[in-house]
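Please read the following walk through one protein structure with the sequence at hand.

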Amino acid sequence: MEMITVQQAEEIILSQTNNFGTEYISYDHALGRILDEDLKADRDLPPFDRPTVDGIAIQYSAYEKGIRSFPIKAIQSAGEPSVAIDSETECVEIMTGAALDRSVDTVIRYEDLSINNGVASIIIDIKKGQNIHLRGRDKKEGEVLVKANQTITPAIIGIVSSIGKITIAAKKLPKIIIISTGDEMISPELTPSPYQLRRSNGITVQSVLKKYHIEADTLHLNDDYEEVKKEISRCIQEYDVLLMSGGVSMGKFDYLPQVCEELGIEKLFHKIKQRPGKPFWFGKNNAQKLVFAFPGNPVSVFMCLHRYFIPWLERSLEICGSSPQFAVLQNDIEVPFSLQYFVQVKLGTNQLGQLTAEAVNTNGSGDFSHLADTNAFMELPLEKNSFKKGEVYRVWKYNN
């Protein structure tokens, strides 16, 4: 199978999206999860007519008859049962948010009154029904307050608690294991010899997934064929997705493609016309378990994760609202190879409010030092080699 394009790879990956089901979680653990039900009003909002100011409540018919002074029958605060007037000549002193009784229909604020010896006198012109938030004005009982497939925000949790939902339906998250490979990779707390490197890919990927509240497991495998085969066989049974780094290039110890084939994991593609991340391998088994096997270079892992895996995850979880983003290139770029290039950029905003992208020169896919001070990859089209300041291209954000 020959190398495929970035677009072809994206189509193949997005054709393998999966629904992992629903689970019910307590609202105090729901922040950041994906809502899997419409939230509906359990009663009218507001549930009763209520004043929007502090003052008095009267029956407007009395005002129409020329009455301007009203003896105060009672004082009513929010949360108390509503107080009725016995005749239209009376008023109730009432606080913002209290429940208005049907015997009154207009509210006048303190600033527009004078009160002496228990009698309130109106000192301005008024309108019928003023300063009242009517029952059901915001939403009627049974109306949708929040649509499904959104990330649960603090505002949504506020709505959840206001309608008395103690548990919410959330999208179940895929069970993921992140597997790194290579004898040269050692644990971060150890001191490497001159020919060793500290492991970082798995930890980086794990951190990105935490944004989606996925607590992925991690595993490191040395370049031992039988060990690699045994562990991948176990993981493909236990997990929905294997995210792997290393072991997919052309080296003598790059066993993954062969191991996957022997374990009945079908290769959907291997190698994309892109830089970084050309040797990316992707496959699935009969049970729809997926293997994303990224090249081992840190920048390749980071780019492939954000360009391919995150869109797959967001599509699988049916997250709505993430639309493509484009930015204006701030410097000229020459690309000396015939591969689709993803350049690291610093994003900004110009005076027109457009997103801008300043390309950062790096030393290839092994140079991860710039990932901290950049925040997106800009995807440059395959059919061109020369890119000019002022041109607009798609960006894939990270570090946000």
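In which strand is Glu-334 found? Glu-334 is found in strand E23, residues 333-334. Helices (H or I, at least four residues) and strands (E, at least two) are DSSP runs, numbered from the N terminus. The model is predicted, so local features need pLDDT of at least 70 and side-chain atom pairs count only at pLDDT 80 or more, while totals for chains, interfaces and linings use all residues. Residues are numbered from 1 along each chain as its sequence is written, and side-chain values use heavy atoms, with hydrogens and water left out.

Glu-334 is exposed, with a relative accessible area of 54%. Here buried means under 20% relative accessible area, exposed over 50%, and partly exposed in between, with a 1.4 Å probe and protein chains only. The C-alpha atoms of Glu-334 and Tyr-27 are separated by 51 Å, and the two residues are 307 apart along the chain. His-29 is found in the loop between strand E1 (22-26) and E2, and at 61% relative accessibility it counts as exposed.

The backbone has some local features in its loops. The peptide bond from Leu-45 to Pro-46 is cis, with omega near -10 degrees. Pro-46 has its place in the loop between strand E2 (39-40) and strand E3 (50-51). Another cis peptide bond runs from Arg-275 to Pro-276, with omega near 0 degrees, and Pro-276 lies in the loop between strand E19 (274-275) and strand E20 (281-284).

Positive phi angles come next. Asn-117 is not a glycine, although its phi is positive, at about 50 degrees. This residue is found in the loop between strand E8 (113-116) and strand E9 (119-122), and Asn-117 is exposed, with a relative accessible area of 82%. Lys-271, also not a glycine, has a positive phi of about 95 degrees. The loop that holds Lys-271 runs between strand E18 (266-270) and E19. Lys-271 is partly exposed, with a relative accessible area of 22%.

Turn now to the aromatic side chains. A pair of aromatic rings is described by the distance of the centres and the angle of the planes. Rings of Phe, Tyr and Trp (its six-membered ring) pair if their centres lie within 6.5 Å; planes under 30 degrees apart count as stacked, over 60 as edge-to-face and the rest as tilted. By this rule the count comes to 16 aromatic pairs. Among them, Phe-292 and Trp-312 are edge-to-face, at 5.8 Å centre to centre and 65 degrees between the planes. Because Phe-292 lies in strand E21 (residues 290-294) and Trp-312 in helix H7 (residues 298-316), the pair ties together parts that are 20 residues apart in sequence. Both Phe-292 and Trp-312 are buried. They belong to one aromatic cluster, which also includes Phe-20, Phe-269, Phe-280, Phe-282, Phe-294, Tyr-308 and Phe-309.

Tyr-308 has a further contact: Arg-307 lies over its face, at 5.4 Å from the ring centre. In the case of Tyr-63, the charged end of Arg-68 sits over the ring, 3.7 Å from its centre. A charge sits over a ring if NZ of Lys or CZ of Arg is within 6 Å of the ring centre and within 35 degrees of the ring normal.

Helix H7 also takes part in the largest pocket, giving the most to its lining, with six residues. A pocket is, on a 1 Å grid over the protein atoms alone, an open set of points where a 1.4 Å probe fits, with protein on both sides within 12 Å along at least five of seven lines; lining residues have an atom within 4 Å of a point. About 910 Å³ of space lies in this pocket, the volume being the space filled by probe spheres set on the points. Of its 29 lining residues, Lys-211, Tyr-212, Ile-310, Glu-314 and Ser-322 lie nearest the centre. Helix H1 (6-14), helix H4 (201-210), H7 and strand E28 (392-397) each supply at least two residues of the lining. The lining divides into twelve nonpolar, ten polar and seven charged residues. Ala, Val, Leu, Ile, Met, Phe, Trp, Tyr, Cys and Pro count as nonpolar, Asp, Glu, Lys and Arg as charged, and the others, Gly among them, as polar.

The structure holds zero disulfides, a disulfide being a pair of cysteine sulfur atoms within 2.5 Å. The closest cysteine sulfur to that of Cys-260 is in Cys-235, 11 Å away and therefore too far for a bond. Cys-260 counts as buried at 1% relative accessibility, and Cys-91 is buried with a relative accessible area of 0%.
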